[in-house]
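This report goes through a structure from its charged side chains to its cores and its confidence values. The sequence and the model come first.

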Amino acid sequence: MTVDAVLQNPARDHRMADHRGAVPPELAQLLNGAPPADRDRAWTTLVATHSRLLMGVARTIATEHDGVMDAYTYVLERLREDDYRRLRAYVADSRATFTTWLVVVARGLCVDHHRRRYGRTPRGNGTESGSGSQRAVRRRLFELVPSMVDLASIVDEHDLAADESVQVAQRDQALAVVLDTLDPADRVLLKLRFEDDLPAREIATILQMPSAFHVYRRLASLYTSLRRHLVARGVESSAP
Amino acid sequence: MTERPDTQHPSDEQVAAFLDGRLTTNERAQVLTHFAACAECRREMTVAHKVLGPWRDVRRAPIFGLVTVLAAVLAFVVVRPIAHDPAPSAAAVRSPDRVSQPDRLAGITVVAPLDQAVFDSTIVFRWRSGGVDATYRLTVQDRSGGVVWDTTLADTAVALPRQVVLVKGQYFWSVDAQLADGGSAKAGAHQFTVR
């Protein structure tokens, strides 16, 4: 089978790579101290087998062809440097499938490549703050207490009087406190749904829930619980 | 609201193992705690999940195909004995709202259409409530097991949308319920015919 044929056949690509927790044979050959010619062949096979996947990752960081190819090339260079140091890390901890591991590593390398070229993005410090988060909080509140509010009552903080701003801050603080009491999986569930806007089906896969049904069911249960806690803390409405 | 992750960023190996469901309980809790507070790590994890989507689908496709075939076979085996009236009257088989004998299968009681119902106009699916706050997934399949329409709703009745055009032939419909207590219930496949 030619390289092109491999690239056009993701099913074969996946079958070759997706031995859960097992090191793909070409990777084993690459890292096991085989003669240079054999290692070069193994590298070529490894690249051909996973090129579609790596191109898919590169497309998450760039849209133009040249940008995608730059990112793809950067990933290959980084995977090969220091005698395949990164690939050896997979061998040392191969709990995940090689495919999944490769996507996570390649995505990290693509982000690194993007930052080297364009600098960090404004949201790059990993913390959650600012007006976007405040809007998300308001949206969550609206979702959580639908029986208490109508859409018109959700106000823009910028238009509030001073005392109302204090009330909004207290409301947000109350919500933050209540959210902190939740199980980490529930907090991630809410974040994925209301801050990252992921569909329930995708959340179900990420959190290993049986179906989107279970996501909706869990969300409904969380709304009830959060509403009860917010009311207990004196938050009767999303309006100040 | 400002959140700062108070745990270390998970390693690439941990994120990959998380996506594959291979972390220990404690390690998974630690990673989730971090994801809850670190938008950047959460974003990277979800991007990786999206990229993996087609590959995961490829892995599942043969399994789903097999399940579909098995479901079609099962529907034939299960549904045909339920067709209890060997010589129904014309009025009975052509009434979409025939509700005289609700059929209870595995917890959800189907009201209409019952087996052998024949339609030439709007099809309304009805079933008994599974309890307060239950939600339902209705699936309509053709004879080959292919899903021609499915929907999720909290109500216990729904009409087939106009934009879903069923060609003449036999179909099967089923309801899966998610109950308020986290349990689930099913109504087995029922047959109807579009003429």
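Asp112(A) is partly exposed, with a relative accessible area of 28%; here buried means under 20% relative accessible area, exposed over 50%, and partly exposed in between, with a 1.4 Å probe and protein chains only. Asp112(A) forms a salt bridge with Arg116(A), their closest N and O atoms lying 3.2 Å apart. A salt bridge is counted when a side-chain nitrogen of Lys or Arg is within 4 Å of a carboxyl oxygen of Asp or Glu. Arg116(A) counts as exposed, at 63% relative accessibility. Helices (H or I, at least four residues) and strands (E, at least two) are DSSP runs, numbered from the N terminus.

This is a predicted model, in which local features need pLDDT of at least 70 and side-chain atom pairs count only at pLDDT 80 or more, whereas totals for chains, interfaces and linings use all residues. Residues are numbered from 1 along each chain as its sequence is written, chains are lettered from A and ligands numbered from 1 in the order in which they are written, and side-chain values use heavy atoms, with hydrogens and water left out.

**Salt bridges**

Side chains of opposite charge can pair when their charged atoms come close. Over all chains, the count comes to 21 salt bridges.

| Pair | N to O distance |
|---|---|
| Arg80(A) and Asp40(A) | 3.4 Å |
| Arg116(A) and Asp112(A) | 3.2 Å |
| Glu40(B) and Arg115(A) | 2.2 Å |

Arg80(A) and Asp40(A) form a salt bridge. This pair links distant parts of the chain, with Arg80(A) in helix H5 (residues 65–92) of chain A and Asp40(A) in helix H4 (residues 36–58) of chain A, 40 residues apart. Both ends are partly exposed: Arg80(A) has a relative accessible area of 36%, and Asp40(A) has one of 39%.

Glu40(B) and Arg115(A) also meet through their side chains in a salt bridge. That pair crosses between chains, from helix H3 (residues 39–82) of chain B, which holds Glu40(B), to helix H6 of chain A, which holds Arg115(A). Glu40(B) is buried, with a relative accessible area of 13%, while Arg115(A) is partly exposed at 24%.

Salt bridges also link Arg78(A), Glu81(A), Asp82(A), Arg85(A) and Arg86(A) in a network.

**Chain A as a whole**

Chain A has 11 helices and zero strands. Of its 240 residues, 45% count as buried. A contact means heavy atoms within 4.5 Å. Among contacts in chain A between residues at least 6 apart in sequence, 65% join residues at least 24 apart. Chain A exposes about 11,800 Å², of which carbon and sulfur atoms supply 51%; the area comes from the Shrake-Rupley method with a 1.4 Å probe.

**Nonpolar cores**

In soluble globular proteins, nonpolar side chains tend to be buried together. A nonpolar core is a set of buried Ala, Val, Leu, Ile, Met, Phe, Trp, Tyr and Cys residues joined through side-chain atoms within 4.5 Å. In the largest such core, of 73 residues, Leu30(A), Trp43(A), Leu87(A), Leu207(A) and Phe18(B) touch the most other members. H5(A) gives the largest share of this core, 10 residues. Beyond its neighbours within four places in sequence, Leu207(A) is in contact with residues that include Ala185(A), Leu192(A), Phe18(B) and Leu32(B). A second, separate core has 27 residues, among them Ile123(B), Leu153(B), Val158(B) and Val175(B).

**Strands of chain B**

Strand E2 (residues 108–112) of chain B has five of its five residues buried, so it is largely enclosed by the rest of the structure. Two bridges join E2(B) to strand E4 (residues 124–127) of chain B, and the two run antiparallel; strands pair if DSSP finds at least two bridges between them. Val110(B) stands opposite Trp127(B) in E4(B).

Ser174(B) lies in strand E8 (residues 169–178) of chain B and is buried, with a relative accessible area of 16%. Not counting residues up to four places away in sequence, Ser174(B) touches Arg137(B), Leu138(B), Thr139(B), Ala187(B), Gly188(B) and Ala189(B).

**Confidence**

pLDDT is the predictor's confidence in each residue, from 0 to 100. The mean pLDDT of chain A is 77, and 71% of its residues reach 70 or more. Over residues 1–20 of chain A, pLDDT stays under 50, and the model has 38 contacts beyond four places in sequence for them. Residues 122–130 of chain A also have pLDDT below 50, with 26 contacts in the model beyond near neighbours in sequence.
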